[in-house]
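I opened my notebook to go through this structure one look-up at a time. Here is what I wrote down.

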Amino acid sequence: MMIIGCDYHPGFQQIAYLNSDTGELHECRLGHKEEAEQFYHDLRTRGLPVRVGMEASGHARWFERLLAELQFELWIGDAAAVRSKRVRKQKTDRQDAQLLLQLLMENRFPRIWVPDAENRDLRQLLWHRHRLVQMRTRVMNQLHVVALNEGLRRKKAL
């Protein structure tokens, strides 16, 4: 099994990974999006089961979809709990990736529940609809005020 600790950023990801069969430990920095896709597709062709651990963050939807498509296991950890497990106060991307890998290997990774992709898409649509209704209400209220200022009192007929 390949275990990967991934310090994810919107522009790149720093990873530390261990092949548990051979004991090989490696680190690398992957640029988004093509370089990361190539790396993970190469892992898929090797046929190893893969578990990726990363801290909860935004802007990672494409990455989550990629791992789901490749049938890799993605564990998302509570960022505050990971931060509390850091011994050194000095923080670098390399050390963050190494810490995530260490927590995965020691079964101490503070995993959080994440809704599935379908549920998240539904929530996004619901949030978007809510914002559209708010915009419509604001516009209607503004038009009502303009009408009142011009002497029109039509209430709901407006």
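How much space lies in the second largest pocket? I looked this up and got about 190 Å³. A caution to myself before going on: this is a predicted model.

**Entry 1: the second largest pocket**

I listed who lines the second largest pocket: Lys 85, Arg 86, Val 87, Arg 88, Gln 90, Gln 95, Gln 98, Leu 99 and Gln 102. Sorted by class, that lining gives two nonpolar, four polar and three charged residues.

**Entry 2: the largest pocket**

Next I turned to the largest pocket, which has a volume of about 320 Å³. Its lining has 17 residues, and those closest to the centre are Glu 64, Leu 74, Val 114, Pro 115 and Arg 120. I sorted this lining too and found ten nonpolar, seven charged and no polar residues.

Which elements supply at least two residues each to the lining of the largest pocket? I noted helix H2 (61-69), strand E5 (73-77) and helix H5 (117-149). H2 gives the most, with five residues.

**Entry 3: helix H2**

That made me curious about H2. I checked which of its residues are buried and wrote down Trp 62, Phe 63, Glu 64, Leu 66 and Leu 67.

What do the buried residues of H2 pack against? My list has strand E1 (2-8), strand E2 (12-19), helix H1 (34-46), strand E4 (50-55), E5 and H5.

I went through the backbone angles next, with a reminder to myself: most residues other than glycine have a negative phi, and most peptide bonds are trans.

Gln 71 is not a glycine, yet has a positive phi of about 65 degrees. I placed Gln 71 in the loop between H2 and E5. Is Gln 71 buried or exposed? At 64% relative accessibility, Gln 71 counts as exposed, because the cut-off for exposed is over 50%.

Asn 107 is another non-glycine residue with a positive phi, about 55 degrees. I found Asn 107 in the loop between helix H4 (93-105) and H5. Its relative accessible area is 65%, so Asn 107 is exposed.

Then I checked the peptide bonds. The one from His 32 to Lys 33 is cis, with omega near -5 degrees. Lys 33 sits in the loop between strand E3 (24-31) and H1.

**Entry 4: the whole chain**

I finished by stepping back. I counted five helices and five strands in the protein chain, in the order β-β-β-α-β-α-β-α-α-α along the sequence.

What is the radius of gyration of the protein chain? I got 23 Å, whereas a compact globule of 158 residues would be near 15 Å. The C-alpha atoms fill a box of roughly 80 × 40 × 25 Å along the principal axes.

I also noted that 35% of the 158 residues count as buried. The chain exposes about 10600 Å², with carbon and sulfur atoms supplying 52% of that area. Last, I looked at contacts with a separation of 6 or more: residues 24 or more positions apart account for 55% of them.

Methods:
Residues are numbered from 1 along each chain as its sequence is written. This is a predicted model: local features need pLDDT of at least 70, side-chain atom pairs count only at pLDDT 80 or more; totals for chains, interfaces and linings use all residues. Side-chain values use heavy atoms; hydrogens and water are left out. On a 1 Å grid over the protein atoms alone, a cavity is a set of points where a 1.4 Å probe fits but cannot get out, and a pocket is an open set with protein on both sides within 12 Å along at least five of seven lines; lining residues have an atom within 4 Å of a point. Grid points are joined across faces, edges and corners, and a volume is the space filled by probe spheres set on the points. Helices (H or I, at least four residues) and strands (E, at least two) are DSSP runs, numbered from the N terminus. Ala, Val, Leu, Ile, Met, Phe, Trp, Tyr, Cys and Pro count as nonpolar, Asp, Glu, Lys and Arg as charged, and the others, Gly among them, as polar. The radius of gyration is taken over C-alpha atoms; the globule rule is 2.2 Å times the number of residues to the power 0.38. Buried means under 20% relative accessible area, exposed over 50%, partly exposed in between (1.4 Å probe, protein chains only). Contact means heavy atoms within 4.5 Å. Accessible areas come from the Shrake-Rupley method with a 1.4 Å probe; for residues, only the protein chains shown count as cover.
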